[in-house]
Amino acid sequence: MTGRRRTAFPRPFPFLIGTAVAGALLLSGCGVLPGGPGGSGEPVTVMTWAPDQVDDVDAVTMPGVPAMARTYARWINEQGGIRGRELRVITCDERDTAAGAERCARQAVDRGVAAVVGSYSRHGQSAIPVLESGGIPYIGGYGASDEEFRSYLSYPVNGGQSALLAGHGRQLADGCERVSLVRPDSIGGARMPQLLNTGLLAAHRPESTDILAPEHATSYDEQAARALKRAGGNCVAAVLGPRTETFFDSFRRLEPEGERVRISSVLGSVSQPLINRTGGRKSPFEGAYVTGWYPDAGDARWNEMREVIRKHAFGDNRIDPDDTGVQTTWIAYTVLRAVVGTIGDDTVTANKVTSSLNRGTEVDTGGLTPVLRWRFKDLLGTSPYPRIVNAEVTFQVVREGRLTAQKKGFVDVAEALSDARRTAG
């Protein structure tokens, strides 16, 4: 399915002009990937949002997410669309703000999109209620907000940070006598020790040492010194999002010469692009354990996505196939394609997409996740994440500057998530 086929939607402009227009639309904050006439059904219009142009130094940027959505649309439309239907992608820059997320959600409702697909936002509390009011399903968001795992119109493709932490405890239990956890001093951070400890306690390891850290510090020397003091040849895990790099810079500087403490984290705090940026094989993350949602970036199951990027992204350097946001967007659009394929009449609406998902449409992602399905009995059903249907994670390790599989296959942490909730209660 990676071969180039004759397009069913001839482009109305020469190649260079069309590419420039697409880029200008994305930079403007909200745009639509245009397509020409063709296909046997009405076009399918969806939205993908993510922060791109931001003002706050602590803001997250994910420009690869909307860029991947556009690339997917070019690829699928060149093959004739989804069952003859042209895929149109509207993009919106939510700027990593609550107001921006709400603005993008209102635009999705106003434009009557069939779904919001493969997006990233930390501000689900602002965006998801707007989508609910308009009856718009949210398919395969990154998993950066709790609302994605609670809303009846959300269809997540991974288990979010909760699954990563529950799995991380399992991963560390095999090789660590004791674990120090460095985590944010915040409401969200307060849940982390319980999730990590479920995996440790299941393997008869002691609970982790909880080390709180400010969310927006420029140095973590105090926390690094505490972690080193308690390490004693054991393991130090840090889950600080974008500040994880800052912590491990402090940690490695204070680490005694000739002593190498095992460090670890989860995807979202550590990624292949981060490892590349911080020195590759000489990165401070060399040897680190990392828990992820999907197979490692070098796995052959990503080959189709890589080929699509190579042929249809036109050298767009915002799209890094090693980036988890790009990977999640690919999976989310795989879900959309499967769902649209079940809708027999010409018009694909939000209500029909939701009905197909709720009826139990199965989505085979080519082994990048387990087969996905969102019937009531498929849901984990555990507060505060009742919408999780994929509670499986992967164990990875940084070797020679690359995230590689530490353990083959997926590890199911559904029981650990349930245990964490019972313990919290």
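This is a predicted model: local features need pLDDT of at least 70, side-chain atom pairs count only at pLDDT 80 or more; totals for chains, interfaces and linings use all residues.
Arg-95 isn't a glycine, yet its phi is positive, about 60°. Most residues other than glycine have a negative phi. As for the surface, Arg-95 counts as partly exposed, with 30% relative accessibility.

There's another residue like that. His-204, again not a glycine, has a positive phi of about 65°. You'll find His-204 in the loop between helix H7 (192-202) and strand E8 (209-213). Here the relative accessibility is 76%, so His-204 counts as exposed.

Now, the cysteines. How many disulfides does a search of the whole structure find? Two. Cys-92 pairs with Cys-104, with the sulfur atoms 2.1 Å apart. Cys-92 is in strand E3 and Cys-104 in helix H3, so this pair ties together parts 12 residues apart in sequence. Both of these cysteines, Cys-92 and Cys-104, are buried. The torsion about their S-S bond is about -80°, so this disulfide is left-handed.

On to Cys-176 and Cys-235, whose sulfur atoms are 1.9 Å apart in their disulfide. This pair links distant parts of the chain, 59 residues apart: Cys-176 is in the loop between helix H5 (160-173) and strand E7 (179-184), and Cys-235 is in strand E9 (residues 235-238). Is this pair buried or exposed? Both Cys-176 and Cys-235 are buried. The S-S torsion for Cys-176 and Cys-235 is about -85°, so that disulfide is left-handed.

And if you count bonded cysteines along the chain, the pattern goes 1-2, 3-4.

Definitions and conventions:
Residues are numbered from 1 along each chain as its sequence is written. Side-chain values use heavy atoms; hydrogens and water are left out. Buried means under 20% relative accessible area, exposed over 50%, partly exposed in between (1.4 Å probe, protein chains only). Helices (H or I, at least four residues) and strands (E, at least two) are DSSP runs, numbered from the N terminus. A disulfide is a pair of cysteine sulfur atoms within 2.5 Å.
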